[in-house]
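Welcome! Here is a short briefing to read alongside the sequence and the 3D view.

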Amino acid sequence: MGEFKVHRVRFFNYIPSGIRCVAYNNQSNRLAVSRTDGTVEIYNLSANYFQEKVGCEDGSVKLFQITPDKIQFERNFDRQKSRILSLCWHPSGTHVAAGSIDYISVFDVKSGSAVHKMLVDRQYMGVSKRKCIIWGVAFLSDGTVISVDSAGKVQFWDSATGTLVKNHLIANADVQSIAVSDQEDSFVVGTAEGTVFHFQLVSVTSNSSEKQWVRTKPFQHHTHDVRAVAHSPTALISGGTDTHLVIRPLMEKVEVKNYDAALRKITFPHRRLISCSKKRQLLLFQFTHHLELWRLGSTVATGKNGDTLPLSRNADHLLHLKTKGPENIICSCISPCGSWIAYSTTSRFFLYRLNYEHDNISLQRVSKMPAFLRSALQILFSEDSTKLFVASNQGSLHVIRLLEGSFKHLHTFQPQSGTVESMCLLAVSPDGNWLASSGTSAGVHVYNIKHLKLHCTVPSYNFPVTALAIAPNTNNLVIAHSDQQVFEYSIPDKQYTEWSRTIQKQGFHYLWLQRDTPITHISFHPKRPMHILLHDAYMFCIIDKSLPLPNDKTLLYNPLPPTKESDVIRRRTAHAFKISKIYKPLLFMDLLDERTLVAVERPLDDIIAQLPPPIKKKKFGT
Amino acid sequence: MAALEEGFTLSAVPLGAGPHGLLGVEQSDKADQFLVTDGGRTVILYKVSDQKPLGSWSVKQGQIITCPAVCNFQTGEYIVVHDNKVLRIWSNEDVNLDKVFKATLSAEIYRIHSIQGAEPLVLFKEGAVRGLEALLAEPQQKIETVISDEEVIKWTKIFMVFKHPVLIFITEKHGNYFAYIQKFNSHTLSKYTLVLGQEEKSVIQSFTASVDRKFISLMSLSSDGCIYETLVPIHPSDPEKDQRVVRSLLLKTVVSDDARNGVALTVLDQDHVAVLGPPLPSSKECISIWNTKFQTLQTSKELSQGTSGQLWYYGENLFVLHGKFLMVIPYKCEVSSLAGALGKLKHSQDPGTQTVPHFVNWETSRGHRLGSQNSEQSKRILRRRKTEVNVQNPASKQLLSAIKKDSEKHIEEELCKFLAIKPTPDFNTIIGDIVSELLGRHKAEPSFYPRNSLMQLIQTHVLSHSLCPGLMEAALEKADVQVLQLCLQQFPDIPETVTCACLKIFLSISDGSLQEAEINMESVSDYSDSVQEEKMEEQTEVLHNGFNAEEENCGNCDRELNKKPQDAAEETMSCPVIPKRAALLNAILHSAYSEMFLLPHLKDIPAQHVTLFLQYLYFLYLKCSENATMTLPGLHPPTLNQIMDWICLLLDANFTVVVMIPEAKSLLLSLYKFVKSQICICSELNKIEVSFRELQKLNQEKNNRELYSIEVLEL
């Protein structure tokens, strides 16, 4: 399908933040993950573990300390000498267990007095450690309190008598987190060594009613501290300093052995952090608190497949733009012409004008942004860089005309009546006539920019949209969903295209459907209208709509056949999906011009190298 | 756990209305499609999952189909016989059977067999078999008569054995049954007479068979309601001779013994059979699944509208004519797990099937019936096959009676004869019985100790300690190290007490009596002459950065050792025990044990024996460490792990004693030194590890490509 020069970019120095806390909601089957930089991510576990929303509350690092003073408004609990690091309510709400340093207190909620104070042994493998920090407590309905502490212990206490019932020494390092299943028959703990242990309540003998807690399974999916764990009915969820979110299905709870039974490890965000100016060959990288602008290098050499070409000019770091204030950056964008940069934090919107004079760049902030542009979820420039589209978090879409150094508010598309869903994905047609926007669930809206009115709404689909794009000339809207389905919808005809219907009828290749990262970007080849380029974190794919679709028997991932094969064989084995897995983990890929691609990779090793060193474990003589 | 799922009716058309009932259900070349031949004039092709017919063909009025239609798997065509002699071959596209290919043969056909991977075979009523191709080439060829007059084919089946078809058919003549096996790779026909045994009066009502490499296991359901099994060898020792095969009881009273018709049997897999028929005299007909291995009823399903007494099984489906309609009952046998048995796994149960838990009561199964006293299920009395088999196997019977009175020599001869016979499935139970009989006699008259016979029996590899607990006891009593060594090598389940008792004997027995014993020496090689070719360079002292750390830490013990370096060197060279004792001790080292149960018994070993054993173990360790792979020479030597584990065990159990014995002092010191050096190595390794990691990191960085490059990619 052609030969490309690929700008292989590895200088995007992105480090995902460590996971601080995870919470699972059974009703909605969603998972909330908070990171150390203050972001909160919501994952929809029903929709192929897709990351639906990202929000930043105040952008600050918060250590969740709950002291008795903070719940003062309800009742003043007996004052404790040291701070409280963990809390758990009894399911009936009558008692609270609080983990502190060296002891656990049980409070009676009515009286506010401490019923029991259970001292935790400081001894650790015979050596007295200075302090024993209770990192987590769980209160079961039968009155059992389970504590995990910095001495590597999991302890069971009887809250009625205040006595230690059972002690499991499970780690040489801190046990940092605990989560109990709703049925209270199993719980999970995470240690600073990166191990997650599963405990289960099992019968002592096969048919006796007497049950006891037994440590059943250890899992080692992390290299660093497991700071947070959660227990869904079918899986153990853990996250920590090494920034991976791991969802480990419990095989005995999985009814059908399908792809849901596979381990999920989510490392990269399911959204774009990179935008690109094709005209000037610029890349804009979004970090938590700053933006970086890079210019790609160039070469005059040519070569054959696999060659690395000598650079005539290396890539330049042009700009480092720091945000003002503590807030995190939510979204950012550079205009196709490279003259505008816009970004938004939780409460402010910023627009900059860039001027290029030979090698010098000057940056000028556009002041007096209107009040309604307070915070944006997504920003997009039109292809000719004359218009700016902003999706606000209230669900409205603002259209702004950009003039030399100033702007004019053209129109605001108000959210559809009855919906409050905010739009988080935008796409504009290259001719500037159409704008498509999508939220997480309720379909894709297509607006006519010329007449400033809603053109049509693509029917909503069960799974959230992960990427959107409008093809040049045909104005076909290509939509990728989290269940790996791809639709093509003709905007002028207001219907799905013939090709889309064909592939829906035949179905995607099973290996295509089994990929576990969502498609995050779609683009088109300016000269080849039959091609669609899309990528996820581990592959990029060119779909050639003119070729036959692969069925489950054909090889989906079909590397370049040797040139000595005859054309007949090549043609026979060719199918519509041309996949390359050379670049991974792939955070961004786009077509700069007909023969040039840009790929932004973020090797995992580079991330690991920048994390704090993990707890050292002895390899020999253990 | 085997289970029957909810069945469904296949046909909307009543079947089996004709005088001949339903002729057959046969597989077609497509999975899920089956040819159903109705007794009258019709052949219907059904797609089971859709529950609908795909095609239907009938012969002309006046003609009658006499043999079920089959599919030729090689061509995909269908073949049917009408009026006994006329073959019709047609394909899916044909509409009218009258216009399709026709061949009239010279003899009457009993059945056409078709199986994947072979051409269809035609079995004639006179017992001759022909390939379809050869037959079609010359339809009027003469067909020979194989079976005698008045002999009638009752049942037939075809198997693929090593890619060649093997056909079995059963004939009957005046109440006697014969089995014929026709092999097509060698074109041999062997004939067997089925010996019915005690139940000679019963009439066989249904047959089924399965095949393994050597035998066809022929099961028959007799009119007494019991299932019998007959093993018919596929490769007969003497094909010319008329041979007899005995049948043995497999399951007792699976159907009511007064059920005269409407009973059928089919084998489902290795351990399961399906039985059709009324379980009790008064009850309705049932289809039930029995596990032949555990002799348990797995599940059953009532068929209230009656059946035709015919049962077919293909793939996962059982076909049965229920009332007037063909019913398909899917059968599933999932792998059962311990977790499943304990109730940890969920099992969805169909409301339509009732599962009757049925366990063998071993107490009552020894012959006497508890018949009527209990509920419905207990009427299906189960008996262990063993008792019947014992009676029926003449060689073992003879041997058992010989054991009771004859001399050791005679018993040996009888045993040789018995062992020369081809092993039957009940071989190990019989061997167990023989051993217990021998030991029983030994107990009664202590002078009787048939050692050679016992050794021969142990070497059959089928015995275990639990099968004959008295055997090792007797050998221990007699201090028969030879038998004990054999037992240690062969038995997988020796309790730790017995292992320890063996060890005591092995350590205490005098060298003199050992010399007489014949002991298997393969685990011992002559250590002294194994000249160390790959001997590791011996380094006595390690200098850490120029100074000797050991001198400061353990000056005393080193001096103790250094005092007599000559002694130590000598000690390492010679084995502390004679080779025969070493072989016995190696058998102990190889045996399986659980630390918890072994430790208390090790405490009872006298101190000097502990020291001796420790010395031997230490000697083995030194031998191990002489070569780079840390293994001992020889055929089946103890491994380093086994040696180390036993050293630890012995020291754990007897530490206080060993510390007190002066002879053990130098040994303990060398062990101490060894452990210390191990700790030293580990800590050094841990130190080096950091450096290695740094090196690895450097290496990685070098391999890492530049942060930015422009590459060419062709898609």
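This is a predicted model: local features need pLDDT of at least 70, side-chain atom pairs count only at pLDDT 80 or more; totals for chains, interfaces and linings use all residues.

**Helix α15 and its surroundings in chain B**

- The buried residues of α15(B) are K580(B), R581(B), A582(B), A583(B), L584(B), L585(B), N586(B), A587(B), I588(B) and L589(B).
- These buried residues pack against α9, α10, α11 (511–516), α17 and α18 of chain B.
- Q485(B), a residue of helix α9 of chain B, is buried, with a relative accessible area of 2%.
- Not counting residues up to four places away in sequence, Q485(B) touches A583(B), L584(B) and A587(B), along with F506(B), I519(B) and N520(B).
- Between Q485(B) and F506(B) there are 21 residues of separation in sequence and 9.5 Å in space, C-alpha to C-alpha.

**Helix α10 of chain B**

- Helix α10 covers residues 496–508 of chain B; its 13 residues should span 18 Å at 1.5 Å a residue, which agrees with the 18 Å between its end C-alpha atoms.
- F506(B) is one of the buried residues of α10(B), and the others are E496(B), V498(B), T499(B), C500(B), C502(B), L503(B), I505(B) and L507(B).
- The partners against which the buried residues of α10(B) pack are α8 (469–477), α9 (481–490), α15 (579–590), α16 (595–602), α17 (607–624) and α18 (640–660) of chain B.

**The two chains in outline**

- Chain A contains 4 helices and 50 strands, whereas chain B contains 19 helices and 29 strands.
- Of the 622 residues in chain A, 54% are buried; for the 715 residues of chain B, the share is 49%.
- Among contacts with a separation of 6 or more, residues 24 or more positions apart account for 47% in chain A and for 55% in chain B.
- H322(B) counts as buried, at 12% relative accessibility.
- Leaving aside neighbours within four places in sequence, H322(B) is in contact with L303(B), S304(B), Q305(B), G306(B) and M327(B).

**Where chain B meets chain A**

- On the chain B side, 22 residues are in contact with 43 residues of chain A.
- About 3000 Å² of area is buried between chain B and chain A, and carbon and sulfur atoms give 57% of that area.
- Y708(B), I710(B) and L715(B) supply 29% of the area that chain B buries against chain A, more than any other three residues.
- The rule finds 11 residue pairs in polar contact across this interface.
- Each of α19 (665–703) and β29 (708–714) of chain B supplies at least two residues of the side that touches chain A.
- By class, that side of chain B has 10 nonpolar, 4 polar and 8 charged residues.
- The count of salt bridges between chain B and chain A is 1.
- That salt bridge joins the side chains of R8(A) and E711(B), at 3.1 Å, N to O.
- R8(A) and E711(B) also belong to a network of salt bridges that links them with R10(A) and E601(A).

**Salt bridges within each chain**

- Over all chains, the structure holds 23 salt bridges.
- In chain A, the side chains of R35(A) and E41(A) meet at 2.9 Å, N to O.
- R35(A) is buried, with a relative accessible area of 8%, and E41(A) counts as buried at 4% relative accessibility.
- The side chains of D590(A) and K278(A) meet in a salt bridge at 4.0 Å, N to O.
- D590(A) lies in strand β49 (residues 586–593) and K278(A) in the loop between β24 (274–277) and β25 (282–286) of chain A, so this pair ties together parts that are 312 residues apart in sequence.
- D590(A) is buried, with a relative accessible area of 7%, whereas K278(A) is partly exposed, with 31%.
- In chain B, R451(B) and D480(B) form a salt bridge at 2.9 Å, N to O.
- R451(B) lies in helix α7 (residues 451–458) and D480(B) in the loop between α8 and α9 of chain B, so the pair ties together parts that are 29 residues apart in sequence.
- R451(B) is partly exposed, with a relative accessible area of 31%, while D480(B) counts as buried at 3% relative accessibility.

Definitions and conventions. Residues are numbered from 1 along each chain as its sequence is written. Chains are lettered from A and ligands numbered from 1 in the order in which they are written. Side-chain values use heavy atoms; hydrogens and water are left out. The expected span of a helix is 1.5 Å times one less than its number of residues. Buried means under 20% relative accessible area, exposed over 50%, partly exposed in between (1.4 Å probe, protein chains only). Contact means heavy atoms within 4.5 Å. Buried area is the accessible area (1.4 Å probe) that two parts lose on being put together, summed over both. A polar contact is a pair of N or O atoms within 3.5 Å; within protein, one must be able to donate a hydrogen and the other to accept it, and residues adjacent in sequence count only if both atoms are side-chain atoms. Ala, Val, Leu, Ile, Met, Phe, Trp, Tyr, Cys and Pro count as nonpolar, Asp, Glu, Lys and Arg as charged, and the others, Gly among them, as polar.
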